Structure formats: structure tokens, C-alpha cells
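Dear colleague,

I am handing over the structure we spoke about, and below it I have set out what was found. Please read the notes with the coordinates open beside them.

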Amino acid sequence: MSPSTQNIAIFASGRGSNAQKIIDHFKGSALARIALIVTGNPKAGVLNIAESEGIPTLIIDKTEFATGEKTVDDLEQYQIDLIVLAGFLWKLPPVLVAAWPGKIINIHPALLPKFGGAGMYGKHVFRAVHEAGERESGITIHYVDELYDHGQIIFQSHFTILPGDDPETIALKTHELEHEHFPLIIEQLLSPSGL
Ligand code: GRF
């Protein structure tokens, strides 16, 4: 690992399939490494991934996280360059957003600005997309600000919804796109040439 290798913190609340893909992608990379996994859910599957990959973890408390300072201090100890939200369900405190300007990104399992905002996560999104009779859906990778699913869009990718597709099919198609693109977009963002 070179001294210029950048440190990524992945924030996740769930099973961590995106986290796993990102970890795998940067194994042996001189560009970046996953330095820390952060979660607010002590039962999150992503903690098992962190353990088997030997990645340090930080379990945060909701009330303390809401003030932001303690988390900023903790992340600074790991010299975090980029924060990647991969299924993280809490809104970020302003202090944290201000401490990493332009260096926090999120993945959303739909084509923002559609199907975003408070309460729009996981299966709620896939159900809403299905119920709305959409002919296509996709993924959005975007910068994070203090509002849910609101910051500037970096990348989107689409898929077609076929007549027989149910919310589960839509979820599968979405995750496939996430796993394909998220690690690559992170790599491009961190590359000297940028995106
Ligand atoms: C992904 O669908 C992501 O778009 C959303 O939460 C889900 C996380 O899935 N924000 P996983 O924990 O990475 O499997």
C-alpha cells in the first residue's frame, strides 16, 4: 500500500452486499482501501463482513451521532478521505457533512428525484416503483447533503421493468446494477483524473 492510498469509510445499516463488492474491488489497490466500517445497527450483517475481512468497525449511538462531533473525531483518527453510504439509514448531522465537503456519497436504489426522501429505503422503494407502474427504474449515486437523497447526482443507470416484474424482481435488478457500478464510480471519483 502506498502512502497516498486513500481511506474509505463505509457506512451501512444492513446486510452489506454493496460494502462487500467495494471491499473486494479495492483489495490490493494502491488508490484506496476500506479503512473503517461504520454502523448504527449492532446486528447488521455488514459487521460479519468487516470481521471476516479484518476491517475495523465503529458502532455508533443514535443520540450521540445526531450531534456529530464524536463521529467526526472518530473518523479523523482513521484519516478518512471518502465516506461512502451503502444502505445507511440515518440522516447525517450537519457537522459531519461540513467536515467532508464533496467527500460523502450515497447510493439510492431508484432514479432520483423519483422515489427518494424520508421513508424511501429498501423494499419500500421497490414496492412504490412497482405500484406506480413504472416502465423503468435504476440506481442513483449522489453527493450527500443534509437532506435525504438530495445532493448533486454523480451517476445513474437504468433498467427496463417488464410486465411480469414484481417488487422482488425490481430489487434484484437494482442490486445487480448497484454491485456493477458502485465500486467503479468510487474508483473514478478517487482517481487523479476524477470523474
Ligand atoms: C441498497 O439497495 C442501497 O441502494 C440502499 O440500501 C441497500 C443496501 O443493501 N441505500 P446492502 O446492505 O448493500 O446489501
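In which loop is the place of Phe115? Phe115 has its place in the loop between strand 5 and helix 6, where helices (H or I, at least four residues) and strands (E, at least two) are DSSP runs, numbered from the N terminus. Before going further, please note that this is a predicted model, in which local features need pLDDT of at least 70 and side-chain atom pairs count only at pLDDT 80 or more, while totals for chains, interfaces and linings use all residues. Residues are numbered from 1 along each chain as its sequence is written, and side-chain values use heavy atoms, with hydrogens and water left out.

To stay with Phe115, its phi is near 55°, a positive value in a residue other than glycine, and at 18% relative accessibility Phe115 counts as buried (buried means under 20% relative accessible area, exposed over 50%, and partly exposed in between, with a 1.4 Å probe and protein chains only). The backbone oxygen of Phe115 lies 2.7 Å from a polar atom of the side chain of His108, a polar contact being a pair of N or O atoms within 3.5 Å, where within protein one must be able to donate a hydrogen and the other to accept it, and residues adjacent in sequence count only if both atoms are side-chain atoms. His108 itself belongs to strand 5 and is buried, with a relative accessible area of 2%. The loop between strand 5 and helix 6 (123–131) also holds Pro113, which is joined to Leu112 by a cis peptide bond with omega of about 10°.

His108 leads on to the ligand, whose surroundings are Arg15, Gly16, Ser17, Asn18, Gly87, Ile107, His108, Pro109, His175 and Glu178; a residue is near a molecule if one of its heavy atoms lies within 4 Å of it. By class, this shell has 2 nonpolar, 6 polar and 2 charged residues, with Gly counted among the polar ones. Taken alone, the ligand exposes 360 Å², of which the protein buries 87% (Shrake-Rupley method, 1.4 Å probe). Helix 1 (17–25), strand 5 (104–108) and helix 7 (167–190) are the elements that give two or more residues to the shell around the ligand.

Gln79, in the loop between helix 4 (69–77) and strand 4 (82–85), has a phi near 50°, a positive value in a residue other than glycine, and it counts as exposed at 60% relative accessibility. Glu53 lies in helix 2 (residues 45–53) and is partly exposed, with a relative accessible area of 26%; its C-alpha atom is separated by 9.9 Å from that of Ile34, 19 residues apart along the chain. Pro56, which lies in the loop between helix 2 and strand 3 (57–59), counts as partly exposed at 34% relative accessibility, and its C-alpha is 8.7 Å from that of Val38, 18 residues apart in sequence.
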